[in-house]
Amino acid sequence: MPPTPHQGHVVVAPDKFKGTLEGAEVAARIAAGIRRAAPGTEVRELPVADGGEGTLAAALAAGFTRVPAKVAGPTGLPVDAALAVRDDTAVVELAQASGLARLPGGRTAPLVAGSYGVGQLIGRAVSLGAKRIVLGLGGSAGTDGGAGMVQALGVRLLDADGTELPPGGAALRRLERVDLGRLAELLTGVELVVACDVDNPLLGPRGAAAVYGPQKGADGEDLVVLEAGLARFADQVAAATGRDLREAPGAGAAGGVGFAALALLGATMRPGIELLLELLGFDEAVRGARLVVTGEGCLDAQTLHGKAPAGVAAAAARAGVRVAAVAGRLELSEPEWRAAGFTAAVALTDLAEQPGESLTRAGELAEVAGERLAGEMLAG
């Protein structure tokens with residue numbers, strides 16, 4: 001017989017299984033398995049994200065309204081993107097406009113890819129009356145220090161001849177002057193909060209180019225060019241604003257977009273999952289719950305350093321609610337995942353009958369995982 005449902009609901013709050021299932025689909029599948037194993041149990045689906053890719057989808061699943069926007073992709077070609085709006089809050093996901101997945105044909109362009117489209121999305125949010133803009137970083141295609149983003153908002157980046165610089169990090173080596181234009185007026189009364197989980201500075205061995213440039217297709221020579229461009233940008237921004245934030249934690253995030261957000265847009269930074277859980281109303285959703293189920297594609301050492309499942313586990317622990325995890329792969333030992341706050345953990349690879357089925361049958365196996373957790377944790 002199936003377990004008898006008891007008082008208290010279940011919150012299913014996973015991140016995406018990257019390359020396999022979006023967060024909303026993971027949540028729906030796990031929830032279906034729980035409902036099948038424990039009929040009558042109230043299950044609330046609340047897919048989450050850590051501020052990177054999937055942030056927009058999580059906001060939409062939580063009741064935000066999708067606003068489509070055609071913007072410049074990382075190489076300037078138009079792309080169909082979107083932002084999410086609720087009341088006077090807007091959510092902008094960098095990857096929507098300037099992510100690696102937006103590169104035409106998937107061909108990297110490390111020296112010329114930029115962030116102009118992100119600035120267009122921020123401008124769209126301002127035009128809609130947003131007073132608080134949450135910017136999710138992650139997955140950027142370029143290393144332009146956020147230059148394109150601020151150019152889209154009216155900042156002029158000029159060379160020695162007074163000509164506007166073209167897109168990309170390489171061009172920044174020719175920067176002679178930053179004209180802030182009416183940027184301050186545009187952002188009056190607007191709070192920009194960046195969801196960011198890295199503390200890299202803009203420059204140096206832990207900076208945007210050195211650490212993340214290779215992921216965007218930059219070779220050794222490219223990295224030298226990009227580092228020089230970012231250094232020049234930092235110098236001229238400091239001259240224009242009177243503040244030098246190149247060493248600020250998070251300045252190196254998303255190819256240096258974090259730097260421009262801090263130095264020119266007056267942004268504040270917060271840990272991604274912490275900010276997203278607040279935005280999605282997690283504390284209210286978990287109040288009175290019996291169980292929280294979270295997860296992601298791979299539960300590993302990175303999970304323990306600010307990734308979504310660890311954030312969900314910590315927030316659930318504060319509410320006194322048990323947490324279980326579902327993952328495509330489980331690379332933590334049982335002592336490790338228990339120490340991270342999980343009462344149970346199920347890997348799709350352990351449920352699969354054949355190698356590779358954890359990818360090809362991920363949705364079906366996520367339902368099986370939900371059933372198994374319901375049988376283990378909701379009975380009695």
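In which loop does Asp87 lie? Asp87 is placed in the loop between β4 (78–86) and β5 (89–93), where helices (H or I, at least four residues) and strands (E, at least two) are DSSP runs numbered from the N terminus. The structure is a predicted model, in which local features need pLDDT of at least 70 and side-chain atom pairs count only at pLDDT 80 or more, while totals for chains, interfaces and linings use all residues. Residues are numbered from 1 along each chain as its sequence is written, and side-chain values use heavy atoms, with hydrogens and water left out.

Although Asp87 is not a glycine, its phi is positive, at about 55°. Asp87 is exposed, with a relative accessible area of 75%; buried denotes under 20% relative accessible area, exposed over 50%, and partly exposed the range in between (1.4 Å probe, protein chains only). A positive phi, near 55°, is also found for Ala254, a residue other than glycine. Ala254, however, lies in helix α9 and is buried, with a relative accessible area of 14%.

Helix α8 comprises residues 220–241 and contains Gln236. Gln236 is buried, with a relative accessible area of 15%. When neighbours within four places in sequence are set aside, Gln236 contacts Leu175, Glu176, Arg177 and Val178.

Two packed helices are described by the angle between their axes and the distance between the axes. For helix α1 (residues 23–37) and helix α16 (residues 362–377), the axes come within 7 Å and cross at roughly 45°. Axes are lines fitted to C-alpha atoms, for helices over the stretch in contact, and angles run from 0 to 180 degrees between N-to-C directions. Helices α1 and α16 are therefore oblique to each other, given that angles under 35 degrees count as roughly parallel, over 145 as roughly antiparallel, 65 to 115 as roughly perpendicular and the rest as oblique. On the α1 side, the contact involves Arg29, Ile30, Ala32, Gly33, Ile34, Arg36 and Ala37, which meet Gly363, Glu364, Ala366, Glu367, Gly370, Glu371 and Ala374 of α16. This contact of α1 with α16 has 6 nonpolar, 3 polar and 5 charged residues; Ala, Val, Leu, Ile, Met, Phe, Trp, Tyr, Cys and Pro count as nonpolar, Asp, Glu, Lys and Arg as charged, and the others, Gly among them, as polar.

Ile34 of α1 is also one of the residues touched by Val10. Val10 is located in strand β1 (residues 10–12) and is buried, with a relative accessible area of 0%. Beyond residues up to four places away in sequence, the contacts of Val10 include Thr41, Val43, Leu291, Val293 and Leu378. The C-alpha atoms of Val10 and Val292 are separated by 5.8 Å, although these residues are 282 residues apart along the chain.

A search of the whole structure finds 0 disulfides, a disulfide being a pair of cysteine sulfur atoms within 2.5 Å. Cys196 is buried, with a relative accessible area of 11%, and Cys298 is likewise buried, at 13%.

How values were computed. Contact = heavy atoms within 4.5 Å.
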